[in-house]
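Subject: Structure for your review

Dear colleague,

Please find below the structure that I am handing over to you, together with its sequence. My notes on what was found follow directly after it.

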2 protein chains.
Amino acid sequence: MNTKRSRRPLTLRDVSEASGVSEMTVSRVLRNRGDVSAATREKVLTAARTLGYVPNKIAGGLASQRVNLVAVVIPSLSNMVFPDVLGGISAELDDTGLQPVVGVTNYSPSREDAVLYDMLSWRPSGVILAGLEHSRAARAMLDNAGLPVVEIMDVDGEPIDTAVGISHRRAGAEMADEILAAGYRRIGFIGTHMPEDHRARKRLAGFEERLGEHGLQLAAREYYQGGSSLLKGREMTERILAREPELDFLYFSNDMIGAGGLLWCMEKGYDIPGRLGLAGFNGVELLDGLPMRLTTTDARRIDIGRRAARLVAGKEPRPESGIIALAPTIMPGETIRKH
Amino acid sequence: MNTKRSRRPLTLRDVSEASGVSEMTVSRVLRNRGDVSAATREKVLTAARTLGYVPNKIAGGLASQRVNLVAVVIPSLSNMVFPDVLGGISAELDDTGLQPVVGVTNYSPSREDAVLYDMLSWRPSGVILAGLEHSRAARAMLDNAGLPVVEIMDVDGEPIDTAVGISHRRAGAEMADEILAAGYRRIGFIGTHMPEDHRARKRLAGFEERLGEHGLQLAAREYYQGGSSLLKGREMTERILAREPELDFLYFSNDMIGAGGLLWCMEKGYDIPGRLGLAGFNGVELLDGLPMRLTTTDARRIDIGRRAARLVAGKEPRPESGIIALAPTIMPGETIRKH
DNA sequence: CGCAATCATGTTACCGTTATCTTTTATGCC
DNA sequence: GGCATAAAAGATAACGGTAACATGATTGCG
């Protein structure tokens with residue numbers, strides 16, 4: 001099966017010699033391009049197989065000026081948000097010959113610049129990146145690169161090329177509507193202290209704005225550092241309720257801390273959703289198994305991934321406006337009163 | 001800042017002309033290699049910046065016969081286990097100039113072959129892949145490639161080159177010890193029905209073997225299809241207890257379903273850990289916020305990622321045996337009786 | 001001051017493919 | 001059977017960098 005570990009790496013030439021045809025013909029066979037007779041095709045294929053030849057995309061990419069890679073730049077892996085998006089992207093890219101390559105920025109603009117630079121140096125066929133806020137340098141790079149750029153997750157802003165996402169302002173506002181309609185009035189907010197998480201910021205802005213329209217404002221807010229976890233949700237919930245015991249609703253900036261808050265409140269015997277209502281954001285699978293279903297907003301992650309992928313793959317035309325806005329949809333759950 | 005969107009992509013030649021030096025000198029500046037005077041360095045850098053030049057790694061890689069990529073091939077992203085591994089890898093690769101590129105196989109051997117083939121066609125500097133079980137074709141490819149290969153997560157088997165992980169047999173056996181020492185005797189198991197999840201299989205084998213040494217065997221087992229979620233954990237727990245109400249312990253093949261099981265049992269009012277003990281596997285952060293801390297085994301994911309990365313980066317020599325076995329460590333939690 | 005060592009830069013030849021064009025061979029059709 | 005046409009294969013020249021070597025400019029030092 002395996003040839004003795006030859007030191008010199010295999011090239012087209014080796015396959016060409018082994019099968020007695022030109023390198024060009026081998027290349028054609030391996031890429032299924034151009035006319036090759038069934039006989040030679042077979043010869044070449046077996047030669048390639050027995051040698052264990054693996055094409056060199058570095059050389060191929062240089063020669064063809066085309067690389068089947070799509071750069072995907074996102075802030076974080078752990079967020080339990082990203083795997084869904086990537087799932088959507090992969091699913092849609094699967095039959096296009098394009099392959100996603102992921103870069104992670106950790107919500108740092110300078111890391112984002114670096115990651116982008118690095119990705120672009122591979123001359124991908126397209127770029128999908130999270131958010132609409134990018135450094136001047138990043139915008140310039142992307143502009144210059146002259147390839148499809150899809151900014152995902154958010155549509156509240158001016159896309160470089162195309163944007164696919166939900167309006168986080170709207171998501172926040174709609175949740176506010178829901179909460180107010182259910183009669184809650186003393187509302188607290190818990191979120192990360194991350195100036196770079198623009199989407200969380202916009203969500204809160206939309207939320208507060210809507211409260212304002214009803215003559216209300218947040219009765220308390222609590223910010224935390226670092227990653228989101230159930231434990232953090234518990235801590236923050238305890239803290240905010242200790243400070244403001246009269247709150248009748250807690251709006252969490254994501255489901256993970258929302259779930260932590262929910263567990264804590266249930267243990268403490270709070271009457272939910274009667275005495276205290278809760279809501280999160282994202283619509284993650286995790287929530288399905290909680291003792292009580294947390295009300296949340298589905299951020300349409302899979303759809304966003306799919307549409308973004310369709311755009312870079314050219315399966316779908318870029319809309320005139322450059323913006324594809326999906327509707328964030330509230331998933332009622334059981335932690336908010338019926339009205 | 002940005003030059004008018006020129007159609008022709010920028011090359012070294014453009015920078016060279018703009019700064020009045022040879023392409024070679026530009027190349028040297030951009031890579032910080034070789035001697036260049038401070039003056040020209042500055043000239044080149046500003047030229048590159050104002051043009052918005054991004055190096056072409058395709059061309060560079062071909063010329064230098066060297067690519068700063070490390071292929072990371074894993075079965076799944078959603079597992080909440082691989083993000084940790086990736087974290088460890090990135091952390092350790094950060095100062096080496098190497099960059100991880102992730103491929104996902106969905107536990108399918110044929111997908112694994114395809115992903116590997118694809119990755120190798122980029123001629124990476126090293127490969128990190130999950131598990132010790134690979135197709136003959138995959139082993140041949142890796143053998144042929146002549147680069148460092150680190151198989152991670154598992155050490156129960158024969159590595160192609162080097163392996164870093166824990167012994168899942170041992171992890172299973174040690175958990176069995178713990179459970180037996182606490183006096184539980186009627187033990188049930190809940191896990192995925194995935195013939196390709198070799199690590200889960202080995203864990204169970206080690207577990208059962210140890211039970212056997214004590215003259216016991218599993219009193220019940222329940223397998224499920226598809227992904228692990230809290231909800232699935234609840235369902236499976238309900239099912240196994242309906243079928244075998246006399247069980248006094250449930251060993252879950254991962255923490256997610258373990259957590260689901262725990263929540264269900266608590267709701268049903270089971271006395272835990274008195275009447276019924278529970279244990280999972282992995283040691284994920286999720287567990288920290290549960291109403292009761294689930295007993296589990298820390299699979300050393302971050303350490304595994306780090307060591308693997310150190311090996312491919314050449315920061316650490318390959319051990320004589322080719323195997324780096326980390327110790328799986330039991331995290332007691334509160335769902336198992338004290339003994 | 002002269003000569004070797006060092007620094008700074010340039011020249012040339014690939015790296016392993018694929019695009020494009022050319023040549024050779026097979027095929028169809030009246 | 002001859003000639004237009006298509007199919008199959010090959011030859012050649014990029015693609016955009018970098019390695020390796022060559023060269024010109026400085027510097028150090030007895």
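The lining of the largest cavity is made up, by class, of 17 nonpolar, 2 polar and 2 charged residues. Please bear in mind throughout that this is a predicted model.

The cavity

The structure holds 1 cavity of 30 Å³ or more, and the space in the largest cavity comes to about 270 Å³. Among the 21 residues that line the largest cavity, those closest to its centre are L69(A), V101(A), L69(B), V101(B) and W122(B).

The contact between the chains

How many residues does each chain bring to the contact? Chain B provides 53 residues and chain A provides 54 residues. The area buried between the two chains is about 4,800 Å², and carbon and sulfur atoms give 60% of that area. Three residues, I58(B), W122(B) and N144(B), supply 14% of the area that chain B buries against chain A, which is more than any other three residues supply.

On the side of chain B that touches chain A, the elements giving two or more residues are helix 4 (57-64), strand 2 (99-104), helix 6 (109-120), helix 7 (136-145), helix 10 (230-243) and helix 11 (255-267) of chain B. Helix 7 of chain B gives the most to this side, with 6 residues. The residues of that side divide into 27 nonpolar, 13 polar and 13 charged.

Salt bridges

Side chains of opposite charge can pair when their charged atoms come close. Over all chains, a search of the whole structure finds 48 salt bridges, and the count between chain B and chain A is 2. D118(B) and K57(A) meet through their side chains in a salt bridge, at 3.3 Å from N to O.

Within chain A, the side chains of K315(A) and D95(A) form a salt bridge at 3.1 Å, N to O. Which parts of the chain does this pair link? K315(A) is in the loop between helix 12 (301-313) and strand 11 (323-326) of chain A, while D95(A) is in the loop between helix 5 (82-93) and strand 2 of chain A; the pair links distant parts of the chain, 220 residues apart.

Backbone details

A cis peptide bond joins I272(A) to P273(A), with omega at about 5 degrees. P273(A) belongs to the loop between helix 11 (255-267) and strand 9 (277-279) of chain A. In chain B, the peptide bond from I272(B) to P273(B) is cis, and its omega is near 10 degrees. P273(B) lies in the loop between helix 11 and strand 9 (277-279) of chain B.

Finally, M153(A), found in strand 4 (residues 149-154) of chain A, has a phi near 85 degrees, a positive value in a residue other than glycine.

Yours sincerely

Notes. Residues are numbered from 1 along each chain as its sequence is written. Chains are lettered from A and ligands numbered from 1 in the order in which they are written. This is a predicted model: local features need pLDDT of at least 70, side-chain atom pairs count only at pLDDT 80 or more; totals for chains, interfaces and linings use all residues. Side-chain values use heavy atoms; hydrogens and water are left out. Contact means heavy atoms within 4.5 Å. Buried area is the accessible area (1.4 Å probe) that two parts lose on being put together, summed over both. A salt bridge is a side-chain nitrogen of Lys or Arg within 4 Å of a carboxyl oxygen of Asp or Glu. Helices (H or I, at least four residues) and strands (E, at least two) are DSSP runs, numbered from the N terminus. Ala, Val, Leu, Ile, Met, Phe, Trp, Tyr, Cys and Pro count as nonpolar, Asp, Glu, Lys and Arg as charged, and the others, Gly among them, as polar. On a 1 Å grid over the protein atoms alone, a cavity is a set of points where a 1.4 Å probe fits but cannot get out, and a pocket is an open set with protein on both sides within 12 Å along at least five of seven lines; lining residues have an atom within 4 Å of a point. Grid points are joined across faces, edges and corners, and a volume is the space filled by probe spheres set on the points.
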